[in-house]
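Q: Can we go through this structure together? I'd like to start with the strands.

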Amino acid sequence: MLLVADSGSTKADWLIYDGENITGPLHTMGFNPFFHSSELVFDTMMNTPEMLEIRQKVKAVKFFGAGCSSAERNEIIAAGLRKFFAHADVLVEHDLLACALATCGDQPGISCIIGTGSNSCWFDGVDVHERNYGLGYVLGDEGSGAWLGKKLLTYYLYGRLPKDLSEAFKTAYGLGKNDIIDRVYKEPNANVWLASFTRFYTAHYEHPVIRELVRQSMRDFCELYVCDYPNYKETEVHFVGSVAFIFQRELEEIAAEKGFRIGKVIKQPIDDLMAYFVRKGK
């Protein structure tokens with residue numbers, strides 16, 4: 001039995017392949033080695049009934065996750081999974097590879113992630129080639145849910161939101177400056193919390209200030225993560241992630257403005273990722 005996972009910082013989606021049928025998805029919290037330990041991975045799996053049911057049957061695990069960008073970081077996640085799936089071969093790789101395989105398959109292209117965080121790569125059909133991105137939500141993640149959350153909160157705290165939006169925000173969340181500062185700087189998983197404000201954007205999507213914040217965020221992403229590649233006008237540019245999916249309209253506007261072609265835009269890559277492994281017999 002093969003178990004394939006695609007994990008962001010917020011949640012992980014899992015599919016099962018028994019040699020004949022694909023079932024799932026199963027869901028757990030997302031595992032990111034920057035924020036989570038091997039022990040937390042193991043404990044989470046132990047407290048997920050659906051995983052306990054298949055624990056002894058799984059022979060291979062392919063886990064693709066945010067933050068899994070080095071051997072040391074990957075081992076944090078792998079150790080927890082190996083402890084839980086004692087009879088399985090465990091592979092942990094970067095979510096950029098999952099993104100590339102799900103969108104490009106065996107073809108070259110630029111593959112982008114815009115979810116809780118953001119990143120991109122050039123995929124030559126075999127290997128992923130990264131740029132100097134992946135700086136996390138403090139220094140980078142332009143265009144992401146966390147980036148949008150930061151923009152909204154800073155506009156609110158600086159008094160730059162128009163009165164109607166400011167009142168709507170206050171009614172929806174009831175947060176003051178100290179609440180926000182404490183949540184961002186003193187509590188864990190601030191990136192996930194910041195990204196949760198994407199819901200405010202969707203709830204007020206038709207407001208011109210919200211539309212402009214979204215448009216500028218997508219422009220920031222594309223100028224850095226797409227237009228930085230020399231061949232960005234000559235190949236398809238693919239996107240995965242909830243933010244890319246929700247704000248596809250803005251991405252298309254920026255693509256037309258910058259002169260590149262959008263290929264696939266998918267919310268969750270897990271189905272296409274599993275299809276790739278089934279097709280390849282891996």
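Predicted model: local features only at pLDDT ≥ 70, side-chain atom pairs only at ≥ 80, totals over all residues.

Q: How many bridges join S2 to S3, and which way do they run?
A: There are six bridges, and S2 and S3 run antiparallel. Trp 14 also sits opposite Leu 26 in S3.

Q: What lies between S2 and S3 in their hairpin?
A: Four residues. Gly 19 is in that turn, with a positive phi of about 100°.

Q: And what about S1 and S2? How many residues lie between them?
A: Three, and those two strands form a hairpin as well. Six bridges join S1 to S2, and they run antiparallel. One example is Leu 3, whose bridge partner in S2 is Ile 16.

Q: Zoom out. What is the strand order in the sheet?
A: The order is S3-S2-S1-S4-S5. It is an open sheet of five strands with mixed pairing.

Q: Which strands stand at the edges?
A: Strand S3 (22–29) and strand S5 (89–94). Each has a single partner strand, so one side of each has no neighbour in the sheet. From one strand to the next, the twist averages 15°.

Q: Which helices pack on the sheet?
A: Helix H3 (residues 71–84) is one of them, touching S2, S4 and S5. The direction of H3 makes about 150° with that of S5. Helix H4 (residues 95–104) packs there too, touching S1, S4 and S5. For H4, the angle with S5 is about 85°.

Q: Back to S2. How many of its residues are buried?
A: Five of the seven, so S2 is largely enclosed by the rest of the structure.

Q: Let's pick one residue. Where is Tyr 17 found?
A: Tyr 17 is in strand S2 (residues 11–17). The side chain of Tyr 17 reaches the backbone oxygen of Gly 19 at 2.9 Å.

Q: What does Tyr 17 touch, leaving out residues up to four places away in sequence?
A: Met 1, Leu 2, Ile 22, Met 274 and Val 278. The C-alpha atoms of Tyr 17 and Ala 60 are separated by 10.0 Å, and these two residues are 43 residues apart along the chain.

Q: New topic: H6 and H7. At what angle do they pack?
A: At about 110°, with their axes 11 Å apart. H6 and H7 are therefore roughly perpendicular to each other.

Q: Which residues make the contact?
A: H6 brings Leu 152, Leu 153 and Tyr 156, while H7 brings Ser 166, Phe 169 and Lys 170. By class, the contact has four nonpolar residues, one polar and one charged.

Methods. Residues numbered from 1 in each chain as written. Heavy atoms only, no water. Axes fitted to C-alpha atoms, helices over the stretch in contact; angles between N-to-C directions. Parallel < 35°, antiparallel > 145°, perpendicular 65-115°, else oblique. Contact = heavy atoms within 4.5 Å. Nonpolar A, V, L, I, M, F, W, Y, C, P; charged D, E, K, R; others polar. Polar contact = N/O pair within 3.5 Å; in protein donor to acceptor, adjacent residues only side chain to side chain. Pairing = 2+ DSSP bridges. Buried < 20%, exposed > 50% of the residue type's maximum accessible area, 1.4 Å probe, protein only.
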